[in-house]
Amino acid sequence: MLKVEIDPRSGFCGGVIRAISQAEEFLSRGGTLYSLGAIVHNEAELARLGNSGLVTTASTADVPVGSTVLIRAHGEPPVTYESARERNIRLIDCTCTVVLKLQKRIRDAYARLHQDGRHGQIIIFGQVGHAEVLGLLGQVNGDALVVENTTMLEDAFPRLDFTQPMEIFSQTTKSPREYETICQMLRGRGAQLTVNNTICAQVAGRHEGLTAFANSHDVIVFVSGRASSNGKVLSNLCASVNKRTYLAGSAKELDPSWFKPDDSVGVCGATSTPKWLLEEVAQAIASLDV
C-alpha cells in the first residue's frame, strides 16, 4: 500500500494568497474582474477562478474604460499605472510587498549608478519575459541586463563594461544557489559588484526544507502549472536529490508506473500550487492499485 505525505510547506506563498483572496472578495459581489496576466501560474486554479468570473487579459488597453483590473503579485511597470489613469480604470493592486521593495531598490540603485557621470550596470537574474522581470525592467526604462543562467551571462560578458560599478538583483522566486553562482562568475571577472539579496525569504526557506522532504521519500510527485517559473526551479531541485521525481499538473496526469508497492510518496508543489490541488493529487495516489 502506498504511503502518501503532503509537504506542509508547499502551496501558495503570501503574495498569491492575498491576490486570490482579493479577487474572490470582488467576484463574490458580482460583476467582472480583469486580471493583467494569469493571477497565478496554475491551470487548475485559473479554471476555478475563471468559472467565478475572473477574466485574464494582457493589457489595460484590452478592457472597457472604467473597468476594474487586478494587478497580480508579480507587479507591473509604471506604464501600466499611467494607462489605467488615462482609461479611468480602477486598480486592485496586489503587487507582493517583497516585489514592491525590490522595484524601489532597483530604482534607487539605478540612480546611484548614474550619478556624477557614471554609467553603471543593473543586472537582473531572472526569467526573460516573466511578468515580475518585466515590471522590474520598467522601473529603469528597460536599461538593465537580464540573465537566466550562466550561459546567458557568459554570452553577455563582451558587452559589459567592467570598469564601471554593477549592481545585481534576483527575481524573487529564483534559486539561491544559482544566484550565488552568477555572482561568483561576475566577481571572477573583476566586477565592482554590489549583490542585493532579493530572493523572497519564504521561497528561499523552501529550498532547504524541500531538499530534506525529497530525500525522505521513495517517490516525489511535484504538482505545478507548466508556466510556473518557481515550479521549474523547485521541481528541478527535487529531481537533483531524488531521481524518482515526477511532474504533474493534476491528478489526471498521474501514471501508475511511477510507483511500486509500499512506496513512500511525497507530494509537493510550487508557490503557485493551491493546497486543494495538492490534496486532490495525494488522494488520487493513495487510491491507486499498484
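Helix α8 (residues 201-215) and helix α9 (residues 229-241) pack against each other at an angle of about 35°, with 9 Å between their axes. Before going on, note that this is a predicted model, where local features need pLDDT of at least 70 and side-chain atom pairs count only at pLDDT 80 or more, while totals for chains, interfaces and linings use all residues. Residues are numbered from 1 along each chain as its sequence is written, and side-chain values use heavy atoms, leaving out hydrogens and water.

A word on terms: helices (H or I, at least four residues) and strands (E, at least two) are DSSP runs, numbered from the N terminus. Axes are lines fitted to C-alpha atoms, for helices over the stretch in contact, and angles run from 0 to 180 degrees between N-to-C directions.

**Two helix pairs**

Back to α8, which passes α9 in a right-handed crossing (the near helix is turned clockwise from the far one by less than a right angle). On the α8 side, the residues that meet α9 are Val 203, His 207, Leu 210, Thr 211, Ala 214 and Asn 215. They face Asn 230, Val 233, Leu 234, Leu 237, Cys 238 and Val 241 of α9, with contact meaning heavy atoms within 4.5 Å. Sorted by class, that contact has eight nonpolar, four polar and no charged residues. Here Ala, Val, Leu, Ile, Met, Phe, Trp, Tyr, Cys and Pro count as nonpolar, Asp, Glu, Lys and Arg as charged, and the others, Gly among them, as polar.

Now for α4 and helix α5 (residues 131-138): their axes lie 9 Å apart at an angle of about 35°, and α4 passes α5 in a right-handed crossing. Val 99, Leu 102, Gln 103 and Ile 106 of α4 touch Glu 132, Gly 135 and Leu 136 of α5. This contact of α4 with α5 has four nonpolar, two polar and one charged residues.

**Salt bridges**

The whole structure has nine salt bridges, each a side-chain nitrogen of Lys or Arg within 4 Å of a carboxyl oxygen of Asp or Glu. Here are three of them.

| Pair | Closest N to O |
|---|---|
| Lys 104 and Asp 108 | 2.8 Å |
| Glu 167 and Arg 112 | 2.8 Å |

Glu 167 is buried at 5% relative accessibility, where buried means under 20% relative accessible area, exposed over 50%, and partly exposed in between (1.4 Å probe, protein chains only). Arg 112 is partly exposed at 36%.

Lys 104 and Asp 108 both sit in α4 (residues 97-113), four residues apart, about one turn of the helix. Lys 104, at 44%, is partly exposed, and Asp 108 is partly exposed at 33%.

Glu 45 and Arg 48 belong to helix α2 (residues 43-51) and are three residues apart, about one turn. Glu 45 is buried at 1%, whereas Arg 48 is partly exposed at 32%. Together with Glu 24, Glu 45 and Arg 48 form a network of salt bridges.

**Helix α3**

Which residues of helix α3 (residues 78-86) are buried? They include Thr 80, Ser 83 and Ala 84. Seen down the axis, the buried residues fall within an arc of 100°, so they line one face of α3; the arc is that of the directions from the helix axis to the C-beta atoms. Their cover includes β2 (33-36) and β5 (90-93). On the face turned away from that buried side, α3 carries the exposed residues Val 79, Arg 85 and Glu 86. Just after α3, Asn 88 has a positive phi of about 55°.
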